[in-house]
Amino acid sequence: MTKSEHDPLAGLDVNAKVSMFRSNYIESHCLRCKKTVYPTDKIGPLKDYTFFHSGCFRCIECQSKLTLKTYYNNQHSSEDKEVYCHTHVPKIGPGKFDGESMGIKSAMNAPKSGPYVNEQIRPGGKATFDADALAIRSHIKETKPPQPNGSEVDHAPTNRNWGRFDSTALHIQHALKATEVQRKYSKPAEKPIESYLDREEQVRLEELHRQEEDLLYRQFQEKRDKEHTKAVSGLQEEWEVELEKLTAKFEREMGKRKSKEDFKVLTLRHNKEKEEIEKNMTIKREKKKEHVTRRLLEQERAATAALVEKHSKEMMNLIVQKRAEFVDNEEEMEETSQYPAQPPPPNPPSFAKQEIYHDPTVFAEVDQRAINVAQEDQKTFTDLVRQLVAGCGTDVEKARAIFRWITVKNLNSIMFEETERGDTPMGLLRGIKFGTESYHVLFKRLCSYAGLHCVVVKGYSKSAGYQPGVSFEDNRFRNSWNAVYVASAWRFVQCNWGARHLVNAKEVPKPGKAKSDSLRYEYDDHYFLTDPKEFIYEFFPLQGEWQLLKNPITLEEFEELPFVRSLFFRYNLSFPSDNMKSVMFTDSTGAATIRLEMPSHMENSLIFHYNLKFYGDDKDNYEGISLKRFVMQSVVDNLVAFRVHAPCSGSLLLDIFANAVTPQEYLTGEPMKFKSVCKFKIKCEDLHTVMVPLPDCASGEWGPAKATRLFGLEPLTHQDALIFAGQQLDIAFQMTRPLTDFMATLHKNGMEEKKLSKYVSHRIVNDVVTLSVSFPEEGQYGMDIYTREVTNNGNAPGEASSESNNGESEKHLLTHCCKYLINSSRRNQ
């Protein structure tokens, strides 16, 4: 191979080579937009060493996208360096007499003055003066309004004012619609972002943002290093002073000792003291570095948030501009969407979350796409968001895809390697690595790439560690969340609280990425598009307008709201009165009652439990007796009540748990996991009555409601949890399905359970079971009732057949059915 064949620059002199080098790597500018072309986005050199951005590499005539295989240059003019498609590249041909030759091309390409065309001058038809010419056809057409569920409804004929001169004729209908309060969710269609914004153009803006972030993070690292060095150097000087004092002390003492034994003892003591000082200085140095890092982190978070705010605005402006260019008339705008170009002011939404969707499964396809995207890494936010929103037809689905990606990605568990560069996938999330970018800042950033208005709202939250009754006097419970404009209103999103990740402890994720089989994706749907009337129970914004409530509340009123969790709203629970406050005061007898209301469709599936302990303390007993025995839980119809009797003056913390189960799940006897739905502070300022604990029965509610819901036992004799009886008592139930192995146990304070077992019995006649009790003495008793269900083969659930296990049957434990509180007295005979 000759030199000229090996070197493409062979034959050029030195100046030409230098010029070409500068053109390629130093002073390359796009021929079309005249801006600098970076190597990652460069196409060229082409004719006369010209370059283009990949987004600018289009036909000068029709703006169609070109590649290195499909572009053409003008071969008839050495001055023309532009690129063309095959159709529009200049060719030599016969003369033509058209708009180009007459010099009227610019006039023919002038934009339309309005979106409507007058039929009177439309070519190819007869001049007319009708409804189309007046632009009022849409008003006089007999159209049926779209229904939310897609069905058609017949409407009675209405009186029409034919030829009315209204907003439609004045061409201001769209402007009026923009300000009209929308009452129903109509799912406006969204055009894919790639239909009006090229990826290359979005990537170019992202690259500029990345350069600004590079500079900011370099400043962060430099300042961290400088501050840490300063802190360590100061401690080093302190360490040297202490060491000098210790050495001087050792030398003085050594001068007074003569024997070898004295020298040995002093040396050991000196080394021990030196190690102790070194240990203390190490602890002090780490605390100092931690303090410096924490102080700098607050500044870095603020700087990062400000930069993301700036970048989000620039990205939104680019998308709005391209969308406006794409939608060049009102008809097309109505066909695509009416998403506002500028963020509207904060106002309460006109319809609730349930009108957008009832069940999260409507997002099954969107959620699965987000989960799939989360399994891979992307090098640009542009690619990440475009993968997430691909196929999304509405702004709600776009927000959903971003929300689910964040809740699935589990950003807090990502392990970073120090060698990773800024353009690697994990470099994309470097804000998480530095601790400067949180979930809500990331959500805002991603929303801007999808063309969604999003803001970060700051305020207080009843987060981890908060207890009812605590005042928001400092920054302990400061928090941030998002409001995103979708479904024609601002709606709340809390990605951090929406993310719930359970990692199998047996599977240790490898550095760099968590193993997909060790991560189980769980999330809380409550924190996506949460209704303001529910969101206000947990979050209080510093700016009152971002409560998004028609009647905003004060911080003091926020503190008084009952302390509830998302499960409270998932189960559609509510408070039957406005008297429920975060702090409930007892009456003169030391009693306070908490009532919750269940929806009718959940009455047969919800099970409640509770825990009671002293406020501000983990102590859950009083004089050796469990505090649970000072609470009586009962259910009447759709109301569940917790009657708390304080055993002494002071404050108690009542935590109420719930779980939704089917009777089949409950009858298996398997342990169930209950989660907190609400908490209350019970305050007893003065107690004049000595409270006696309830009998030591099984935990849970009192009364027969549980037996009816889960076992199909209908009470025939006693409907209430509290029974007043004489020395004898019969309690009868009617079985609506086969049950077997009934058993009842009696409990009384001060008496052993074994001694009471002989006083209770049961009998079954047809489908009626009767429990008979004879009380040995007067007093208050608790009675637990147990049973199990009969299966089709005559065995109880879990019972083995006679052929298995060598003919020995294997039964589950009896399941608790219900319990009664009984006051026995001769006066009740």
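Let's start with an open sheet of five strands, ordered β10-β7-β6-β5-β11 and paired antiparallel. β10 (528–530) and β11 (539–541) sit at its edges with a single partner strand each, so one side of each has no neighbour in the sheet. From one strand to the next, the twist averages 50 degrees. Keep in mind that this is a predicted model.

Inside that sheet, strand β6 (residues 478–486) and strand β7 (residues 489–493) run antiparallel and are joined by five bridges. As a reminder, strands of a sheet pair through backbone hydrogen bonds, either parallel or antiparallel.

Two helices come up against these strands. α13 packs on the sheet and touches β6, β7 and β10, with its direction at about 115 degrees to that of β10. α16 lies across β5 (454–461), β6 and β7, and runs at about 20 degrees to β6.

### How the helices pack

Two packed helices are described by the angle between their axes and the distance between the axes.

| Helix pair | Angle | Axis distance |
|---|---|---|
| α13 (residues 395–409) and α16 (residues 439–449) | about 145 degrees | 10 Å |
| α11 (residues 364–374) and α13 | about 45 degrees | 8 Å |

Take the α16 side to begin with. α13 passes α16 in a right-handed crossing. The α13 residues in this contact are Ala399, Ile402, Phe403, Trp405 and Ile406, and they meet Tyr439, Leu442, Phe443, Leu446 and Cys447 of α16. Sorted by class, that contact of α13 with α16 has 10 nonpolar residues, no polar ones and no charged ones.

Now for α11. With an angle of about 45 degrees between them, α11 and α13 are therefore oblique to each other. Their crossing is right-handed. From α11, the residues Val366, Asp367, Ala370, Ile371, Val373 and Ala374 meet Glu397, Arg400, Ala401, Arg404, Trp405, Val408 and Lys409 of α13. By class, the contact of α11 with α13 has eight nonpolar, no polar and five charged residues. Trp405 is worth a look in the viewer: it is listed in the contact with α16, and it is listed in the contact with α11 too.

What does Lys398 touch, leaving aside its neighbours within four places in sequence? Its contacts are Glu190, Lys191, Val389, Cys392, Ala450 and Leu452.

One of those contacts, Val389, belongs to the buried residues of helix α12. Helix α12 (residues 381–389) is mostly covered, with seven of its nine residues buried. Along with Val389, the buried set holds Phe381, Thr382, Leu384, Val385, Arg386 and Leu388. Just after α12 comes Gly391, which takes a positive phi of about 90 degrees.

β26 pairs with strand β27 (residues 768–774) in the antiparallel sense over six bridges. Within that pairing, Val769 in β27 is the bridge partner of Ile764.

How many of the 11 residues of strand β28 (residues 779–789) are buried? Nine are, so β28 is largely enclosed by the rest of the structure. β28 pairs with strand β25 (residues 739–747) in the antiparallel sense over seven bridges, and there Leu746 stands opposite Met783. β28 also runs antiparallel to strand β29 (residues 815–824), joined to it by nine bridges. In that pairing Tyr786 stands opposite His816 in β29. When you trace these strands on screen, remember that in a regular strand the side chains alternate between the two faces of the sheet.

Key: Residues are numbered from 1 along each chain as its sequence is written. This is a predicted model: local features need pLDDT of at least 70, side-chain atom pairs count only at pLDDT 80 or more; totals for chains, interfaces and linings use all residues. Side-chain values use heavy atoms; hydrogens and water are left out. Buried means under 20% relative accessible area, exposed over 50%, partly exposed in between (1.4 Å probe, protein chains only). Helices (H or I, at least four residues) and strands (E, at least two) are DSSP runs, numbered from the N terminus. Axes are lines fitted to C-alpha atoms, for helices over the stretch in contact, and angles run from 0 to 180 degrees between N-to-C directions. A crossing is left-handed if the near helix is turned anticlockwise from the far one by less than a right angle, and right-handed if clockwise. Contact means heavy atoms within 4.5 Å. Ala, Val, Leu, Ile, Met, Phe, Trp, Tyr, Cys and Pro count as nonpolar, Asp, Glu, Lys and Arg as charged, and the others, Gly among them, as polar. Angles under 35 degrees count as roughly parallel, over 145 as roughly antiparallel, 65 to 115 as roughly perpendicular and the rest as oblique. Two strands pair if DSSP finds at least two bridges between them.
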